[in-house]
Amino acid sequence: MPTVAPLDLEGHCVAAVFLGDVPHFALADGTIHRLDNGHKTVQANDGLLASFHDAANDRLITGGEDGKVFSITAGGNVEELASAGRKWITSIAAGPQGAIAFASGKTAFVRFADGKTKEFAHPRSVEGLAFSPKGMRFGVARYNGATLHFPAAEGKPVELEWAGAHTGITFSPDGAFLVTTMQENALHGWKLADGKHMRMSGYPAKVKSLSWAPKGKWLASSGAPAAIVWPFSGKDGPMGKAPLELGTRGNAMVTTVACHPSQDVVAIGYDDGMVMAVRFADAKEVLLRRPGKGAITAMMWDRQERRVVFGSAAGDCGVIDISA
């Protein structure tokens, strides 16, 4: 049976990540807690709104109400990377070659590793950001679609239109597909080679959490009483195919999903604090954590694939050891 090492904090957990194999928890007040031979704390933003785990550089990038962007690395080292003055930083992403993107209002900024920053203005507010895994380009989720920019080159961005408010954005690991979360209870996708649309609807609630399985064959999502997992192995993605529904519960909603680093398994967090791991092949379930305080808002596997770190909307955090 998996064991849980709990950490009871005050406030909403925005991010729960491993940095240098040490569990770190970023709360909405901007404090970063870590379990590193005891419970230790550092302060980043004054009011944390957005975060991104930059796996390539083993760091957490945060942005907040103070208009600042910070990098947090193992051991609680905090470095200010950028500032947008007195504007709120509402979205953040990390890309190739140490680049980061952040958004404030209608403007997206890209800060390159050498510290140079480039601005990209939009007619409406920037709601979500993501870098493509292939080449230096990034996507912006916006009202009525998405925009693709190529920050290192001159030239027009690519506009992908679809009516409605798009709130979050992700590229598939092979760079072939772009998927957005929407204000309505749906996902929308584009096949980037030909601009073909992919509609993924029927959710009873808004989708707030997405996670790609290894090699990008599957996309797991929250927003239903089960994890809805769309197949992306074919050339047209999930079109004409039914998703898997994993970890179905009659009386709880899935709020967070985190795919296993190497296997077709997903960790599923629910609005009552329960965490379960489910295998895609046969829907076999393993209970990782019983219900607790607050909806699960953040989760991540460690590199050894033995532990899952989690946090909730009520600050009910901890580390699940699966190898126990």
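The model is predicted: local features need pLDDT of at least 70, side-chain atom pairs count only at pLDDT 80 or more, and totals for chains, interfaces and linings use all residues. Residues are numbered from 1 along each chain as its sequence is written, and side-chain values use heavy atoms, without hydrogens and water.

The chain has zero helices and 30 strands (DSSP runs numbered from the N terminus: helices are H or I of at least four residues, strands E of at least two). Its C-alpha trace spans about 55 × 45 × 30 Å along the principal axes. Buried residues account for 54% of the 324 (buried is under 20% relative accessible area, exposed over 50%, partly exposed in between; 1.4 Å probe, protein chains only).

Two residues are set out below.

| Residue | Place | Relative accessible area |

The side chain of His24 reaches the backbone oxygen of Val22 at 2.8 Å. Beyond four places in sequence, His24 has contacts (heavy atoms within 4.5 Å) that include Ala15, Ile32 and Gly76.

With the same exclusion of residues up to four places away, Asp271 touches Ala252, Met253, Thr255, Gly294 and Ala295. Asp271 and Thr255 lie 16 residues apart in sequence, with their C-alpha atoms 5.8 Å apart.

Technical notes:
A polar contact is a pair of N or O atoms within 3.5 Å; within protein, one must be able to donate a hydrogen and the other to accept it, and residues adjacent in sequence count only if both atoms are side-chain atoms.
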